[in-house]
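Hello,

Here is the structure we spoke about handing over. My notes on what turned up in it follow below the entry.

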Amino acid sequence: MNQKEALSKKDNDYSLLEKKYLKLTKSELLDPFSTPPAIKLDKNMTASIVIPGKNVESSILSCLVSIEQSSFNIKYPNKLQIIFIDDGSDDKTLEIIKNNKYSLNLVVIKQKHAGQAQALNTGISVAQNEIIISCDADMILSYYTIEQLMIRHQLFPNILLAGFRSEVSKDDPRVNPVNIRRFGLHKYPTLLTDERIAFSSSGHPNNMCLASNHFKDLGNLNGLWMRNNDDPWLLSDLVFGALFSLPKKTYYQIGGYDERLIGYGCTDGYLVSKAISVGKFVLPVYSATGLHISHSSRTGNKRNEYLSNRRLFYKLIETSQTNDYINWLDKSKNRIIEQINKKPSSKILPKSKNANNILPKHLNIDTLLAVGQYRKITDRINNLEKTDTSKDTSYWNQTPEFYIKQGTLFYEQEFYEIALRCFEIALAKEDSNKIALKYHNRCLKKI
């Protein structure tokens, strides 16, 4: 079947999976604050985290230590393999990795500079485990992230999972590897500055996850038209290589990353489009997040590279056959110049009791708003300390009338998106408030 035809016929309504997940785990699939359910993983539920990188000396140690200190590595160290592919670095990246010890099963691969798709294919070609987790070298994963992904893969065989991130400075204490080992990883979700949650330019929609009903409405080649794009964001565009997971057998079914996509843009998106075309649902996992260390652009021709790759992306969708994707993986091992297998150090052990779960209470509520979990907001607000009059929490201890008044003022100034947020908070307090409902609907019509 032609790939475009397959994509046009594949919906992404995973509602039945939501119901099954709730029945099996007693927790909600999209709850950002859920902890991993107490489900024992099968023997074949093993993970290989593939991390490509070039000149990442400033972040790679933090990335590896975050994986080391994760709940999954603590519980299942023999089920986790880490593969770092050095794509021709000329800084101290390899030296840093080689000269440090980790409580990890770590494979370090060196190849000549070839590009992101090539580096990823090289890593996948040596992966020994069943689930491939793609992770950037400047990501610091949250404590439960890997475990949240793996639980879902055990329950559902036909899924691709998208994680989330928030941008932080390299000076943020949470990304310091010494701090991570001393105080533990953060447990709370970090997604409020993710582009899919808060789009980078103003206008509507500003939250692609809510606008797409958590990706459900983006099957059948539907798309979201954002302000700064000449073509729509498709479902495959909403999966970022910084953090997502997919069974290894699917990579081999679709041939891995297409190495004709060179430079910035569409490398991950086209791989995801191939996975969708062979039947995979794409699910957001709001409880699987990380901190992404901000950096300047690593290419001087970002815009031109994207436009070139986007044209090729559409051409490949038009011309490819779902049963005849090019196999880019078989020869990937030929690129390996050096391979080092580092065994876990017994002198460094993850410290599960030190995991840091301190999050300002108002950010809990902001996160629930961002993913549309309005029903849970009331309980969070009621749990705020009534004596706490700080700016962070006092805002949330008001009556519905307070938020209605604030929303009405914004509505009269035609700040409809801000007004909508105010009325949503009022409805979280009192879901049958007629005034809030009336203005909420008016805002939606204006937007």
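A residue is called buried when its relative accessible area is under 20%, exposed when that area is over 50%, and partly exposed in between. By that rule Arg-260, with a relative accessible area of 37%, is partly exposed. Please keep in mind that this is a predicted model.

Overall form

The protein chain has 447 residues, for which a compact globule would have a radius of gyration near 22 Å; the chain has 22 Å, so the two agree. Its C-alpha trace spans about 65 × 55 × 45 Å along the principal axes. The secondary structure comprises 18 helices and eleven strands. Of the 447 residues, 56% count as buried.

Salt bridges

The whole structure contains 14 salt bridges.

Arg-260 pairs with Asp-258, and their closest N and O atoms are 2.7 Å apart. Asp-258 has a relative accessible area of 4% and is therefore buried, whereas Arg-260 is partly exposed at 37%.

Arg-165 and Glu-167 also meet through their side chains, with an N to O distance of 3.8 Å. The cut-off for a salt bridge is 4 Å. Arg-165 has 19% relative accessibility and so counts as buried; the limit for that class is under 20%. Glu-167, at 35%, is partly exposed.

What does the salt bridge between Asp-231 and Arg-310 tie together? The side chains of these two residues meet at 2.6 Å, N to O. Asp-231 lies in the loop between strand E7 (223–224) and strand E8 (233–234), while Arg-310 is in helix H12 (residues 302–319), so the pair ties together parts that are 79 residues apart in sequence. Both Asp-231 and Arg-310 are buried. They also belong to a network of salt bridges that links Asp-231, Asp-237 and Arg-310.

Surface charge

A positive surface patch is made up of Lys-438, Arg-442, Lys-445 and Lys-446. Of these residues, Arg-442 is placed in helix H18, which covers residues 434–446. Is Arg-442 buried or partly exposed? Its relative accessibility is 35%, so Arg-442 counts as partly exposed. A patch residue must have over 30% relative accessible area and no salt bridge, and the value of 35% for Arg-442 is the one to set against that area limit.

Regards

Technical notes:
Residues are numbered from 1 along each chain as its sequence is written. This is a predicted model: local features need pLDDT of at least 70, side-chain atom pairs count only at pLDDT 80 or more; totals for chains, interfaces and linings use all residues. Side-chain values use heavy atoms; hydrogens and water are left out. Patches are made of residues with over 30% relative accessible area and no salt bridge: like charges are joined within 9 Å, nonpolar side chains (Val, Leu, Ile, Met, Phe, Trp, Tyr) within 5 Å. Accessible areas come from the Shrake-Rupley method with a 1.4 Å probe; for residues, only the protein chains shown count as cover. Lys and Arg count as positive and Asp and Glu as negative; His and the chain ends are not counted. The place of a charge is taken as NZ of Lys, CZ of Arg, CG of Asp or CD of Glu. Helices (H or I, at least four residues) and strands (E, at least two) are DSSP runs, numbered from the N terminus. Buried means under 20% relative accessible area, exposed over 50%, partly exposed in between (1.4 Å probe, protein chains only). The radius of gyration is taken over C-alpha atoms; the globule rule is 2.2 Å times the number of residues to the power 0.38.
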